[in-house]
Amino acid sequence: MHASLDSDEIMLAEKVALEDEGVKAEIAKLQLPAGTTIVCDPWPYGSDGINDDNRMIQNFLYFRDPNNSNEVDGNHYAFPLSISPVICAQTMKVIRIDFLPTGEDH
């Protein structure tokens with residue numbers, strides 16, 4: 001048995017998500033302001049437990065306002081990105097990118 005997500009996997013998942021070429025391409029399409037920092041928040045993948053025994057990691061992405069470089073004061077949760085890479089915990093590879101509704105125009 002293994003926990004749904006351990007601290008080493010959390011750190012690795014963040015790195016894998018932000019270095020994946022597909023994820024980088026989707027971030028580039030968003031045309032974010034120069035100097036933007038992307039923040040990755042990995043979570044155990046929630047499922048209904050039917051035909052999905054593989055452990056997965058859902059990564060929620062945010063950006064930090066480039067006009068506020070203070071990491072303590074900057075609230076990156078105010079700027080969610082519409083893409084969410086899903087990583088297989090066994091292979092530590094991005095298996096898909098989900099597109100999330102993030103506003104009234106979506």
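The structure is a predicted model, for which local features require pLDDT of at least 70 and side-chain atom pairs count only at pLDDT 80 or more, whereas totals for chains, interfaces and linings use all residues. Residues are numbered from 1 along each chain as its sequence is written, and side-chain values use heavy atoms, with hydrogens and water left out.

The secondary structure of the chain comprises 2 helices and 4 strands, arranged from the N terminus in the order α-α-β-β-β-β; helices (H or I, at least four residues) and strands (E, at least two) are DSSP runs, numbered from the N terminus. Of the 106 residues of the chain, 32% are classed as buried. The accessible surface amounts to about 7,000 Å², and carbon and sulfur atoms contribute 51% of this area, as computed by the Shrake-Rupley method with a 1.4 Å probe, with only the protein chains shown counting as cover for residues. Among contacts (heavy atoms within 4.5 Å) between residues at least 6 apart in sequence, 57% join residues at least 24 apart.

Strand 2, which spans residues 56-64, is mostly covered, in that 8 of its 9 residues are buried. This strand pairs with two others, pairing being assigned if DSSP finds at least two bridges between the strands. With strand 1 (residues 37-44), strand 2 runs antiparallel and is joined by 8 bridges, and within this pairing D41 stands opposite F60 of strand 2. With strand 3 (residues 83-88), strand 2 also pairs in the antiparallel sense, here over 3 bridges, and Q58 stands opposite V86 of strand 3.

Q31, found in the loop between helix 2 (21-29) and strand 1, has a positive phi of about 50° although it is not a glycine. M92, found in the loop between strand 3 and strand 4 (93-99), likewise has a positive phi, near 55°, in a residue other than glycine.

Methods:
Buried means under 20% relative accessible area, exposed over 50%, partly exposed in between (1.4 Å probe, protein chains only).
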